[in-house]
Protein chains: 2
Amino acid sequence: MRLLFVGFGTVAQGLSELLIEKKEQLEEDHDFSWTVTGIVDMLKGSAHNPDGLDLEKILAIAAEGRSISDYPDGGCDWDALEMISKADADVMLEVTYTDIKTGQPATDHIRAALERGMSVTTTNKGPLALFSNELAELAAANDVDFLCEGTVMAGTPLLNLLRETLAGSEISEMQGILNGTTNFILTQMEEGMDYEAALEQAQELGYAEAVPDADVLGWDALAKVTILANIVFGASLAPDDTPCTGITEITPAQIAAAAADGKRYKLIGRVWRDGDEVRASVAPQLMDLDHPLAGVGGATNAMTITTDTLGDVTIVGPGAGRRETGFALLIDLIAIAAGSPS
Amino acid sequence: MRLLFVGFGTVAQGLSELLIEKKEQLEEDHDFSWTVTGIVDMLKGSAHNPDGLDLEKILAIAAEGRSISDYPDGGCDWDALEMISKADADVMLEVTYTDIKTGQPATDHIRAALERGMSVTTTNKGPLALFSNELAELAAANDVDFLCEGTVMAGTPLLNLLRETLAGSEISEMQGILNGTTNFILTQMEEGMDYEAALEQAQELGYAEAVPDADVLGWDALAKVTILANIVFGASLAPDDTPCTGITEITPAQIAAAAADGKRYKLIGRVWRDGDEVRASVAPQLMDLDHPLAGVGGATNAMTITTDTLGDVTIVGPGAGRRETGFALLIDLIAIAAGSPS
């Protein structure tokens, strides 16, 4: 399978390391072999070679802060759209930065790749939160795959679990902790910190951005909930359709009162069927301590899925991380290679 | 797909209800259509018809306590081995009673079916705990599938998750709560009951047998741990190879002391790699309250899987139940129909 990376930041490099480390195992166990034929990154440069790029060398170039365009056997100055229109590739990995307001430039990249007959896997929440149905239809029209395991809960295989292993079940509701940063802040506040100190610690640890709005106001969880509503429940929701409250108004006094009452605040993203409608919400909720989501502390994510066959099933795992999100792309590549997602 | 039920108790009837309820959805969404051509049960009687049995009528006969042998279009007096040797079927569902000491008569049923070229799915822990490697080889030699999702955590799709959605990961350790009865008893003891009262309540609710040894001495968890060691880690362990301690020696004083220390006892089944060896254990363990397994109360099961790609991933769900265990068989049937387990 010939791979094209559009974006070559942390997640792309995490996947690259996994691909190199597991090359033989992937061939033996999953009949999956790969060649990277193109890489394009706005800041890091571009390279293309139909015979394959040496991924280890490119990782070394990136680690040294040199330009990928200087790679000797195929360095070039193509931008993303030129690369997508010219590259010899079967699958595009869309791993540029996320813009959850416009979905760009990732959405244009995905459209161009699908129209050229490439399958696509992405960790980019913008295109999925805004245009998932349009892009799924475009993929179907071009008879290619379009997967996005890494958009929700990183490589914790939530979407794959729903598609493959809960096949045959009807899902009536999903509720979960979809943002690790806010869960970390709430966990710290339970241990006595105030909001500002907990946020500062999250920023020091690299969990929160300098401008933390996307996390603490709930927008990141909102994007993920919208993705789940559309791709799992078949809805056509836009992010603006869903009420969204973050954690900035929760006071230490409220957290102490909850603890005294045997409860705990969690920022819960929720999607559920209400008759023929699909509804969603993002808001802090008081959870009983014996609920599986209540025990999920720190930056971990979790999702409880309510089914007609099993009642509640909960999956708990990482929601971010270089290697953890890179693995999401690998799950999708294995599924595409196996022909299973169709 | 032509199905043969060997055993027609609770789990078989749970699956039958799901098959009837979801018939159209399974055809549309999973290209899976089914006919039941044979049913044999030591106590409830037998029927065979290559054109298909009316499963709703047979469920009604069983519900009324009449003999399936009186079914008009194919009632017969064949025993299990005669049925397996004569039935027109593609897949045998082995759902007779579990004997974890001998694995019989289920193991003979599975051998006979595999040798006739039928695929097999089972919820029966006996054959898997004792003969999983031999049976897997026999299935491979006959080019058929042999699946057992329901032997561990009922229909909570643990084995399918490991096989399909964590493909590409290396598993170094699994530890979990694999027996709902003992977890229920421990949960009740934390709320102040003594062991005898908690056991009695578990018996009243149908969680524990009149002779509760298989649960409370850890044998049920031991069978499941052995299955995981052999089919997930490729070991060749017999149940006797693994140290096994149940919950009968845990005192209310110990439970109170653990709570005062911010911990909680759980009966933990564990399998891990130790160099080239695979080791396993079943024993009560003190868990920190912030461990994902600590919050799992009542009769629920859970498993934490340690991977090289994601760190820890935990799945929480039912470990028993008519419909929940029946669904495990349905997961396997869908996988067999899709040709995916090979």
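This is a predicted model: local features need pLDDT of at least 70, side-chain atom pairs count only at pLDDT 80 or more; totals for chains, interfaces and linings use all residues.
In chain B, strand S1 (residues 2-6) and strand S2 (residues 35-41) pair in the parallel sense over five bridges. Here, two strands pair if DSSP finds at least two bridges between them; strands (E, at least two residues) and helices (H or I, at least four) are DSSP runs numbered from the N terminus. Within this pairing, Val36(B) in S2(B) is the bridge partner of Leu3(B).

Residues are numbered from 1 along each chain as its sequence is written, chains are lettered from A and ligands numbered from 1 in the order in which they are written, and side-chain values use heavy atoms, with hydrogens and water left out.

In chain B, seven strands form an open sheet with mixed pairing, in the order S4-S3-S2-S1-S5-S6-S7. Its edges are strand S4 (75-76) and strand S7 (146-147) of chain B, each of which pairs on one side only. Helix H13 (residues 322-338) of chain B lies across S1, S5, S6 and S7 of that chain, at about 160 degrees to S6(B). Such angles run from 0 to 180 degrees between N-to-C directions, with axes fitted to C-alpha atoms, for helices over the stretch in contact.

In chain A, strand S1 (residues 2-6) and strand S5 (residues 91-94) pair in the parallel sense over four bridges. Leu3(A) stands opposite Val91(A) in S5(A).

How are the two chains related? A rotation of 180 degrees, with 0.0 Å of shift along its axis, superposes chain B on chain A with an RMSD of 0.0 Å. Copies are superposed by least squares on the C-alpha atoms of residues with pLDDT of at least 70 in both. That is the relation of a two-fold axis. In chain B, the C-alpha of Ile315(B) is the nearest to the axis, at 2.3 Å. Of the interface residues of chain B, 100% are also interface residues in chain A, so the copies meet through the same surface; contact means heavy atoms within 4.5 Å.

Finally, the lining of the largest cavity divides into seven nonpolar residues, six polar and no charged. Ala, Val, Leu, Ile, Met, Phe, Trp, Tyr, Cys and Pro count as nonpolar, Asp, Glu, Lys and Arg as charged, and the others, Gly among them, as polar.
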